[in-house]
Amino acid sequence: MTNAAGDTGVDRAAGDDDVDGEVAGGPVERYGCVITGAGEQEVAHVSRDGYLDAVRAITDDGYAICADVTAVDYVAHPGRVLPEGIAPERFEIVVNLLDIAGGRRLRLRVQVPDDDATVPSLFEVHPGTEAMEREVYDMFGITFDDHPDMTRILMPEDWEGHPLRKDYAVGAIPVQFKEART
């Protein structure tokens, strides 16, 4: 691993951002949200209500590519560290945006409550998010308002539940081997 300026050499998981990290001296507000993170990537902690407006502003600032939309189920980690003023919820939408011309990357984190697991769709701003949002719906049960086709994409239409939720029951399917003893 190369040690670029600001690289700590420590691998971090998607939700393990350094909320006390320095962005020009500490957390700052930009695009209507709190920006944290030091080193390789800044992280924007966006409110659910301000999500679509923040993505529009960020896109206008040069982040033209939405590389990923996914989710995390934090049911087992309700007390995780977030910036002041950001209340942890069970689910978190994670969006990675790229500014190719400026060589910048920005991660958005949006808290989503279990009892109202819905967020606005980014399809209007980034049409390439259509399949990614369907995958989040299929695996986590988070719906995207104004999505053009909010249907399952990986699991069969009649599948019950959402397999990447931490409380989804792990089942067992008996495997039959040819010439196996019974």
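Biologist: Which residue in strand 3 is the bridge partner of T36?

Modeller: In strand 3, V43 is that partner. A strand here is a DSSP run of E, at least two residues; a helix is a run of H or I, at least four, and both are numbered from the N terminus. This is a predicted model: local features need pLDDT of at least 70, side-chain atom pairs count only at pLDDT 80 or more, and totals for chains, interfaces and linings use all residues. Residues are numbered from 1 along each chain as its sequence is written, and side-chain values use heavy atoms, leaving out hydrogens and water.

Biologist: What makes strand 2 and strand 3 a pair?

Modeller: Two strands pair if DSSP finds at least two bridges between them. Three bridges join strand 2 to strand 3, and the two run antiparallel. The count meets the cut-off, so they pair.

Biologist: In which sense do strand 3 and strand 6 pair, and over how many bridges?

Modeller: They pair in the parallel sense, over five bridges. A44 has L108 of strand 6 as its bridge partner. V46 stands opposite V110 in strand 6.

Biologist: In what order do the strands of the open sheet stand?

Modeller: Six strands form the sheet, in the order 1-2-3-6-5-4, with mixed pairing. Strand 1 (28–30) and strand 4 each have a single partner strand, so they stand at the edges, with one side of each left without a neighbour in the sheet. On average, neighbouring strands are turned by 30° against each other, direction ignored.

Biologist: Which way does strand 5 run against its neighbours, strand 4 and strand 6?

Modeller: Antiparallel in both cases: eight bridges join strand 4 to strand 5, and nine join strand 5 to strand 6. D73 stands opposite F91 in strand 5. L97 stands opposite L106 in strand 6. Strand 5 and strand 6 form a hairpin with four residues between them. In its turn, G103 has a positive phi of about 65°.

Biologist: Why is strand 6 called largely enclosed?

Modeller: Seven of its nine residues are buried, so the rest of the structure largely encloses strand 6. Buried means under 20% relative accessible area, exposed over 50%, partly exposed in between (1.4 Å probe, protein chains only). Strand 3 is mostly covered too, with four of its five residues buried.

Biologist: Which residues of helix 1 are buried, and which sit on the face turned away?

Modeller: Y51, L52, A54, V55 and I58 are buried. They lie on the same side of helix 1, because they cover an arc of only 160° around the axis (taken from the directions from the helix axis to the C-beta atoms). The face turned away from the buried side carries D53 and D60, which are exposed.

Biologist: What covers the buried residues of helix 1?

Modeller: The cover includes strand 3, strand 5, strand 6 and strand 7 (118–120). Just after helix 1, G62 takes a positive phi of about 115°.

Biologist: Where does helix 2 lie, and what is its angle to strand 4?

Modeller: Helix 2 lies across strand 4 and strand 5, at about 5° to strand 4. Such angles run from 0 to 180 degrees between N-to-C directions, with axes fitted to C-alpha atoms, for helices over the stretch in contact. Eight of the eleven residues of helix 2 are buried. Among them are M132, V136, Y137 and F140. Strand 4, strand 5, strand 7 and strand 8 (143–145) are included in their cover.

Biologist: Which members of the largest nonpolar core touch the most others?

Modeller: Y51, V69, I93, V95, L108 and I142, out of 32 residues. A nonpolar core is a set of buried Ala, Val, Leu, Ile, Met, Phe, Trp, Tyr and Cys residues joined through side-chain atoms within 4.5 Å. The largest share of this core, five residues, comes from helix 1.

Biologist: What does Y51 touch?

Modeller: Y51 touches V46, I93, V95, L108, V110, V119, P120 and L122, not counting residues up to four places away in sequence. Contact means heavy atoms within 4.5 Å.

Biologist: What share of the chain is buried?

Modeller: Buried residues make up 40% of its 182 residues. The chain has two helices and eight strands, in the pattern β-β-β-α-β-β-β-β-α-β.
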